[in-house]
Amino acid sequence: MRELRITPWRIESLDPDDRSFRESIFSQGNGYMGTRGYRPDQRGAHPAWRSTFLAGFYEYVKPGITDLVNHPDFSGIQFRLNGTDSESHTVSDFLQTLDLRCGLVTWAYNLTDRAGNQTRVKQEKFLSMADRHLAAIRVSLTPVNWSGTLELSGGIDARVENLPVSDDQLTENVEFVKMWSDVRTEPRPAGGQLTAQTRISHRQIAQSYLFSGKGSLKTEAADEWVTTTINARLSQGMTWVGEKRIAVASFRDGDAGEIVKEKSEELKDTTFDELLTESALAWEKIWKQADVQLIGNDEWQGAIRYNIFQLIQAMPYGDTHASIGARGLTHGRYKGCYFWDTEIFMLPFFAYTQPNAAKSLLQYRCHTLPDAVESAKRFSAKGARFSWMASDTGFEQCGTWDTGCCEIHITADIAHAVRQYVELTGDEAFLRDCGTELLLQTARYWVDRFNYVSAEDQYHLLFVKGPDEYCGVTCDDFYTVSMARDHLEQAAAAIKWMEKTYPEDWTVLAEKTGFQPEETEKWMDIAAKVVLRRRGELWKQDATFDLLEPLDIQAHKDDDAPLYHKIGFDRLQRYQVLKQPAVLMYMALCPEKFSKVEVEAAWNYYEPKTLHDSTLSFGIHALVAARLGYEEKAVHYLEKSLFLDLKNVMKNTAGEGIHTASLGATWQAMVLGFGGLSICNGVLNVENRLPPGIEEMRYRVFHKGIPHRITIRKNQKPEIFVEI
Ligand code: BGC
């Protein structure tokens with residue numbers, strides 16, 4: 001595999017062969033929809049990975065279990081040059097480029113057929129950021145040493161399938177599932193339309209497309225596809241250009257068929273270039289808010305932009321009923337589900353740079369609060385319990401018992417995100433309108449989940465799984481207990497605040513939720529009497545970590561691939577190793593609660609025992625190391641996180657797609673770590689922690705609705721410019 005070329009605004013691949021990897025890296029999205037980065041004229045490397053996903057669009061594959069639906073393929077284009085299929089030609093001088101400024105992907109290469117006829121090919125594709133229902137593809141063909149015929153065809157193909165990926169990371173699924181039924185196709189003179197519905201819930205979608213290009217056009221349709229073919233004559237040295245402009249809608253937007261019909265009409269009067277210009281303008285606006293500039297290392301610069309770019313592509317802007325899955329819209333891994341990855345890893349990026357997007361992510365949780373209430377009942381608990389894996393419903397989607405039942409910190413993680421969002425933005429209306437209700441209902445869950453041991457007058461948290469998923473099912477996990485304690489205190493404070501600030505709204509909420517004043521007393525009692533263990537300055541991960549057997553990590557792990565491929569989970573959970581940070585994770589989230597000595601003690605003890613078998617691990621270690629001033633370690637971990645997908649660090653980018661939590665952790669390591677940003681007692685503070693080789697870093701963040709431009713230069717006091 002040839003390494004990608006990473007420059008400040010471009011990611012380039014010169015390798016035509018490494019298809020699955022490139023399909024992940026060059027995935028495109030606009031938050032509404034996403035497609036993997038396969039070349040339009042090639043079949044995907046894997047049938048289920050030739051995927052087109054719509055944010056928030058799921059369908060049941062088993063009772064109660066959903067999968068992110070693979071939509072009909074609108075990207076495909078085939079062409080025959082002088083009677084031979086382009087797929088049979090030899091590819092040379094290949095260059096695939098992603099322009100991070102505007103999301104345009106270009107494939108440029110030469111094709112040579114058996115007779116030596118050469119053709120210069122360029123294919124370009126983008127999904128519009130300006131109108132998220134639209135996408136466009138352009139094909140430019142230049143015969144270098146021949147003249148002859150072109151037959152180019154493309155349309156919409158509903159013969160796509162899902163391959164729901166098992167949650168157990170060691171099992172490969174081989175059962176393809178057909179999602180679409182009642183497919184209807186409508187050929188039109190220069191394009192066509194396709195509508196379909198999902199088999200079980202009858203969820204409707206529609207797509208339409210329009211072709212333009214010199215030649216004669218003919219559209220055909222069959223049961224599951226509609227295709228337009230252009231026949232043209234190509235002349236040596238002359239470039240032929242064809243365009244395909246696409247509109248997509250689903251039942252979530254209204255009458256999908258009508259929407260794409262209207263969009264198709266609009267598309268008649270526009271061109272690829274015009275659509276691209278509008279989309280690029282929308283990207284420009286987002287970049288103005290979200291860019292991180294680094295002077296001194298072009299590879300780092302391109303890579304941090306790539307991380308940000310993928311976060312933006314995954315964000316369902318304006319859709320408060322969808323969130324961001326662990327692989328965004330780039331792969332069906334984890335059935336496209338939402339985890340704590342969103343609130344803890346990605347949300348800080350949005351809260352600082354695009355507060356409305358952060359709010360929208362939290363609103364998704366508010367919308368699924370009734371499901372969380374119902375889920376708590378199913379787990380025989382009161383209040384509301386958020387699911388470890390959620391989709392368009394808030395019901396548990398995790399198929400493995402120990403994780404799905406016991407990794408309960410997600411509920412407190414969401415509360416933490418609410419606090420962070422409100423503190424950063426000052427958006428008290430959110431707290432009044434839905435945040436307090438969420439905190440109240442979820443706080444009740446902890447009352448049931450902690451066990452009171454009267455002999456000790458303490459509350460234990462039994463049988464939980466912390467962020468270090470190799471801990472088995474353990475007791476008094478430091479991370480979960482600390483987060484739950486904070487959650488209880490936060491909920492009690494929110495209620496006090498609401499009672500005082502919005503007494504009328506509070507009366508309505510108290511009545512709706514059947515709140516009793518003694519509830520908060522109980523919350524505070526639990527918060528005061530939880531069990532957190534320490535030895536000197538060292539906070540212990542849980543009740544059992546000391547009992548585990550030490551492991552010589554170097555003897556077993558020689559690369560960054562997860563150890564569970566070599567050592568079975570049952571054995572792994574009895575070694576004194578961590579999959580990813582746990583105590584350090586909490587310290588990363590709440591640095592103000594610990595002395596430097598405590599963080600150092602945790603680092604010295606846990607970091608050497610951490611396997612980094614989750615992609616969530618590197619960025620958080622980089623953040624903690626940067627704050628501690630451990631520059632070398634911080635750079636080491638940052639590079640792992642920064643290039644996690646770009647350099648295929650975990651060797652699973654090809655087969656799993658882009659790791660969205662790592663993107664968010666990278667941003668946090670860069671801006672909150674090296675960029676020195678923190679909010680202390682409501683005041684924005686910046687420290688200079690620039691790493692070697694970086695002369696200058698610039699970023700822009702919002703605090704309480706006001707944009708702040710930060711510039712940090714080597715050995716100088718950081719500049720904070722408030723844009724009023
Ligand atoms: C990690 C979890 C994470 C999940 C989805 C797992 O491997 O251990 O922390 O939420 O992947 O990214």
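Figure 1. Glu519 counts as buried, at 17% relative accessibility; buried means under 20% relative accessible area, exposed over 50%, and partly exposed in between (1.4 Å probe, protein chains only). The residue is found in helix α13, residues 518-528. Helices (H or I, at least four residues) and strands (E, at least two) are DSSP runs, numbered from the N terminus. With neighbours within four places in sequence left aside, Glu519 is in contact with Arg444 and Gly514, where contact means heavy atoms within 4.5 Å. The structure is a predicted model, in which local features need pLDDT of at least 70 and side-chain atom pairs count only at pLDDT 80 or more, while totals for chains, interfaces and linings use all residues. Residues are numbered from 1 along each chain as its sequence is written, and side-chain values use heavy atoms, with hydrogens and water left out.

Figure 2. An N or O atom in the side chain of Asp341 is 2.5 Å from an oxygen atom of the ligand. For Lys579, an N or O atom of the side chain is 2.8 Å from a ligand oxygen atom, and a polar side-chain atom of Glu469 lies 3.0 Å from an oxygen atom of the ligand. On its own the ligand has 310 Å² of accessible area, of which the protein covers 95%. Accessible areas come from the Shrake-Rupley method with a 1.4 Å probe; for residues, only the protein chains shown count as cover.

**Figure 3. Nonpolar cores.** The largest nonpolar core has 214 residues, and those with the most contacts inside it are Ile11, Phe79, Val292, Trp340, Phe350, Met670 and Tyr699. Helix α11 (residues 478-501) gives the most to this core, with twelve residues. Apart from it lies another core, of ten residues, including Leu551, Tyr564, Leu572 and Leu611. A nonpolar core is a set of buried Ala, Val, Leu, Ile, Met, Phe, Trp, Tyr and Cys residues joined through side-chain atoms within 4.5 Å. Beyond its neighbours within four places in sequence, Phe350 is in contact with Leu311, Met315, Tyr317, Ile324, Pro355, Ala357, Ala358 and Leu361.

**Figure 4. Ile308 in helix α4.** Ile308 lies in helix α4, residues 298-314, and is buried, with a relative accessible area of 0%. Its contacts, leaving aside neighbours within four places in sequence, are Trp287, Ala290, Val292, Phe349 and Trp667. Ile308 and Phe450 are 142 residues apart in sequence and 38 Å apart in space, C-alpha to C-alpha.

**Figure 5. Gln28 in strand β3.** Gln28 is found in strand β3, residues 28-29, and is buried, with a relative accessible area of 3%. Not counting residues up to four places away in sequence, Gln28 touches Met33, Gly34, Thr35, Gly103, Leu104, Val105, Lys125, Phe126, Leu127 and Gln313.

Figure 6. Within helix α17 (residues 596-606), Glu598, Val599, Ala602, Trp603, Tyr605 and Tyr606 are buried.

**Figure 7. Arg184 and Asp182 in strand β15.** Arg184 has its place in strand β15, residues 180-188, and is exposed, with a relative accessible area of 52%. The side chains of Arg184 and Asp182 make a polar contact (3.1 Å). A polar contact is a pair of N or O atoms within 3.5 Å; within protein, one must be able to donate a hydrogen and the other to accept it, and residues adjacent in sequence count only if both atoms are side-chain atoms. Arg184 also touches Gln193, Leu194 and Thr195, not counting residues up to four places away in sequence. Asp182, likewise placed in strand β15, counts as partly exposed at 38% relative accessibility. Phi of Asp182 is near 50 degrees, a positive value in a residue other than glycine.
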